[in-house]
Amino acid sequence: MTDFDLIISGGFLVDGTGSPGGYADIGIINDQISEIGDLRGRSSKQTIDATGKTVAPGFITQHTHYDAALFWDPYCLDAGRNGVTTVVNANCGFGIAPVREKDRERIMGMLETTEQIPVSHQKAALPWDWESFPEYMERIRGLRKGLNVLTFLPLNPLLVYVMGVDAAKTRGPNTEELAEIHRLINEAMDAGAIGISMSVMGAEGNSHVDTDGTPMPTDLMDHDDILNICRAVITRGEGVIQMLPQIMYFGDRSITQRVAELARGTRVRVIHNVFLTHDLVPQVVDEDLQWLDSMREAGCDVTAGALINRGWVEAGIRELDTAAGQLPAVRKIVGCSSDAEILALIKDPAFVREFETQYAEMGAASGAAGLEGQTVIAVGEHPALQKFLGKTLAQVGVEIGVSAVAALLDLGVKSDLDLQMKSPPIASITPDQAVRLMANPAVVPGGSDGGAHTKAFGMGHYATDLLIWLVREEKLKTLEEMHFQLSLKHARSVGIRDRGALLPGFKADILIYDLDQLHFDMSKYEIVHDMPEGDWRRQARAGGYDCVIVNGVVTHQTDRPTGATPGAFVRVTSKSAPSPLMAAE
């Protein structure tokens, strides 16, 4: 009889706690780390020689949207090959349960307009054999998964389920509806949801728009109604409330503070989204940290998700909403049914003027970088257009004597829609802001947004980038510090107690790699055709991990999936904690 199922021998162990690394072996039985130390002479069914390699905990990301992708890719697109072993889905109030049959089209449309998960993909992949959230949980438990999954109960589908779309956008829930919302929140958490999620950005400057161009139900909610809904989790006394009320200077984060104050002392964690870094407004980092520290000093249990890795948005004419927001003119373009229809539209001088006027009056939405700063990265094989490669639309416009909007449309026509553009960096490319944010114990770095916006970017590589950038290149973080930031810090933020570190009794989610062999190409994303019905997405050219292990089973070797699907559904809440409806204050 062997001592272990798997021994990882001879590697440099970085355990994820922030403690100094050292050489040790890891013995695994079933899905759990059984022993760490000198295991020479001990027997195992399988041994992996990690000599000369770093052995570290798998990455955990608390902000993803792989709700639909799980149904066609058990490894969650490029997350699995980049060392992510646990994801948290249904952030920002968007997801696919609960939902009645008559509302499925609307819920899929919400995911398309907010998270840019095409309805066509959802229709092709989702079996829709659930209505309630517990039924959906059972479906997720039964899926083949190459990594571990947690999920929020998203409030937008919940509000539509209880109130209907029109009512949810025009008024708050009445007493009976609020009681039903509370009952369903507890039902979902009994079934395994870690809590509730919502976007509460308000109506102004908000890039989260519905299929009709109006804001989402949660973004229109009165703050008192938000508080009354949150009371379900707060009275329960466990779980997480995830909120997106502000992006840079857009939105109103006072609602986070009100919810956190209401939850003070109840064992309910509030996750605030999102902290960003930006070279044009570096003072935002200090302002955000002062705000967060003031709440924690007052006894509020709040953490903040932060997007700090290097990334950008790419777009062509067909997916222009990723670069120019939800202007009516943009919706006309992306709503066209064929390339011929797009070309006819963008050639029309009246449409060019219409687009210019709208853009001048409304500008880009909060999630967009604007057209002027978009860099031309592809124009097909058209010789006369090659001179524009590497230039911004503003520069192209000056060169040909037109606005950035007209330059965009002109290049779109002349390239036969082969035009591709790259935005300025989403976050600061100087590391000091990122390092300052990570130094705060309540700031959790690297929310990938994975699964969303797949025709604009892929952020499953975020942890790979941070290791390369801040450890290998800038030498501003040690391996020990960075693995704590990317694993255990995320685990603790969402209440996971047995993942995120390499310790006896913890689940065996493990990476084996050579830091010098990790790679990330920052020139442009690659396009891969692995979506439903052969459709395409963008992903970073990134990876380089020798081995990714989930629950004691190897899922990736040298960036290639093994076919193993040992991923688990992870719950962090109890199976039953009844919560009576609390009266509104």
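Modeller: Arg436 is partly exposed, with a relative accessibility of 31%. Here buried means under 20% relative accessible area, exposed means over 50%, and partly exposed lies in between, with a 1.4 Å probe and protein chains only. The model is predicted, so to speak of a local feature requires pLDDT of at least 70, and side-chain atom pairs count only at pLDDT 80 or more, while totals for chains, interfaces and linings use all residues. Residues are numbered from 1 along each chain as its sequence is written, and side-chain values use heavy atoms, leaving out hydrogens and water.

Arg436 belongs to helix α16, residues 432-438. Helices (H or I, at least four residues) and strands (E, at least two) are DSSP runs, numbered from the N terminus. Beyond its neighbours within four places in sequence, Arg436 is in contact with Pro282, Val285, Asp286 and Leu289; contact means heavy atoms within 4.5 Å. Val285 is 151 residues away from Arg436 along the chain, yet their C-alpha atoms are 7.8 Å apart.

Next comes helix α17. The helix has 12 residues and spans 15 Å from its first C-alpha to its last, close to the expected 16 Å at 1.5 Å a residue. The expected span is 1.5 Å times one less than the number of residues. Of the 12 residues of α17, 10 are buried, and the helix is mostly covered. The buried residues run from Tyr462 through Ala463, Thr464, Asp465, Leu466, Leu467, Ile468, Trp469 and Leu470 to Val471. Just after α17, Lys475 has a positive phi of about 55°.

What does α17 pack against? Two packed helices are described by the angle between their axes and the distance between the axes. Helix α17 (residues 462-473) and helix α18 (residues 479-494) have axes that come within 11 Å and cross at roughly 155°. That makes the two helices, α17 and α18, roughly antiparallel. Axes are lines fitted to C-alpha atoms, for helices over the stretch in contact, and angles run from 0 to 180 degrees between N-to-C directions. Angles under 35 degrees count as roughly parallel, over 145 as roughly antiparallel, 65 to 115 as roughly perpendicular, and the rest as oblique.

The crossing of α17 and α18 is right-handed: a crossing has this hand if the near helix is turned clockwise from the far one by less than a right angle, and is left-handed if anticlockwise. On the α17 side, the contact is made by Tyr462, Ala463, Leu466, Leu467, Leu470 and Val471, and on the α18 side by Leu479, Met482, His483 and Leu486. By class, these residues are nine nonpolar, one polar and no charged. Ala, Val, Leu, Ile, Met, Phe, Trp, Tyr, Cys and Pro count as nonpolar, Asp, Glu, Lys and Arg as charged, and the others, Gly among them, as polar.

Thr61 lies in strand β6, residues 59-61, and is buried, with a relative accessible area of 1%. Apart from neighbours within four places in sequence, the contacts of Thr61 are Val84, Thr86, Val87, Val88, Gly446, Gly447, Ser448, Tyr462 and His490. Leu77 is not a glycine, yet its phi is positive, about 60°. At 10% relative accessibility, Leu77 is buried.
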